[in-house]
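Visitor: I am new to this structure. Please show it to me, and then I will ask about the words used to describe it.

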Amino acid sequence: MVEISTSILSVKKEESIRKFYDLEVAHTDYFHIDIMDGKFVNNNTSEIMKEYVNEIKQISNIPLDVHLMVSNVKEYIEEYIPVKPNIITFHYEAIEDKKEIINLINYIKENNIRVGLSIKPDTKIEEIYEFLPYIHMVLVMTVEPGKGGQKLIEDTLVKIEQLKKYIKENNIGLDIEADGGINLETIKEVKEAGVDIAVVGSGIINSKDYKETIKQLKNI
Ligand code: DX5
Ligand code: ZN
């Protein structure tokens with residue numbers, strides 16, 4: 001059964017407490033926290049996401065799935081360690097030096113937090129094979145990072161299938177998460193490609209009944 005990580009990117013400030021409470025009651029498996037610095041991607045959500053995380057921590061114990069779309073990865077890891085997320089994912093494309101990727105992976109793990117590595121639609125999956133033994137999850141972007149409400153890029157599903165095959169053949173235990181443009185129309189092909197966790201933002205946040213939507217996403 002696929003797990004659902006609800007992206008709170010499209011939640012509006014004036015309705016945030018209500019929405020987070022509704023997601024708690026709807027039993028989303030994770031809150032997906034999209035942190036953007038205005039440099040790695042144009043949008044800047046660092047302030048609002050900090051506020052939202054504080055609100056969520058007062059309402060819910062549901063694990064946080066932190067997605068860093070930032071250039072200064074270390075700075076944001078340090079900012080989020082204190083909130084004890086379940087996982088911190090950063091982008092492969094944000095780091096030039098491969099040794100630095102390993103250092104960041106170790107730094108997150110030393111703080112007893114799981115580690116994810118994310119790749120953009122144009123990045124080949126083979127580029128991150130060398131890091132797979134050291135991480136807990138690969139986040140395959142199924143849209144260009146930077147905003148919600150975009151259309152899923154079909155080609156990225158091939159990368160998910162390729163990754164699934166590779167980790168099976170090489171006996172590597174890790175989760176595959178897909179992120180962007182996933183909703184009741186696209187969830188079936190995303191599951192068939194082999195994901196373990198699906199990030200859904202507008203497909204849940206804009207729906208009438210969160211519990212029903214999450215149930216449908218899991219059961220399709
Ligand atoms: C995009 C974010 C995604 C996005 C998902 O940069 O990483 O998590 O918010 O939103 P939807 O589901 O609306 O594409
Ligand atoms: Zn995301």
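Predicted model: local features only at pLDDT ≥ 70, side-chain atom pairs only at ≥ 80, totals over all residues.

Visitor: Why are helices H1 and H2 called oblique to each other?

Guide: H1 (residues 16-25) and H2 (residues 46-59) pack at an angle of about 45 degrees, with 10 Å between their axes. Roughly parallel needs an angle under 35 degrees, and roughly perpendicular needs 65 to 115. The H1 and H2 pair is therefore oblique. Its crossing is right-handed.

Visitor: Which residues of H1 and H2 meet?

Guide: Ser16, Ile17, Phe20, Tyr21 and Glu24 of H1 meet Tyr52, Glu55, Ile56 and Ile59 of H2. By class, six of the residues in this contact are nonpolar, one is polar and two are charged.

Visitor: What makes H2 roughly parallel to H3?

Guide: The axes of H2 and H3 (residues 73-80) cross at roughly 20 degrees and come within 12 Å. Angles under 35 degrees count as roughly parallel, so the term applies to H2 and H3. In this contact, Ser46, Met49, Lys50 and Val53 of H2 meet Tyr76, Glu79 and Tyr80 of H3.

Visitor: What are the protein donors of the zinc ion (ligand 2)?

Guide: They are His32 (NE2), Asp34 (OD), His67 (ND1) and Asp179 (OD), at 2.1 to 2.3 Å from the zinc ion. Of these, aspartate 34 lies in strand S2 and histidine 67 in strand S3, 33 residues apart.

Visitor: How do you know that the site of the zinc ion (ligand 2) is octahedral?

Guide: The site has six donor atoms, with angles of 73 to 176 degrees among them. Octahedral requires opposite donors over 155 degrees apart and all others between 65 and 115. The zinc site is classed as octahedral.

Technical notes:
Residues numbered from 1 in each chain as written. Chains lettered and ligands numbered in written order. Heavy atoms only, no water. Axes fitted to C-alpha atoms, helices over the stretch in contact; angles between N-to-C directions. Helix = DSSP H or I, 4+ residues; strand = E, 2+ residues; numbered from the N terminus. Parallel < 35°, antiparallel > 145°, perpendicular 65-115°, else oblique. Left-handed = near helix turned anticlockwise from the far one by under 90°. Contact = heavy atoms within 4.5 Å. Nonpolar A, V, L, I, M, F, W, Y, C, P; charged D, E, K, R; others polar. Donors = N, O, S within 2.8 Å, 3.2 Å for Na, K, Ca; no water. Tetrahedral: all angles 85-135°; square planar, octahedral: opposite > 155°, others 65-115°.
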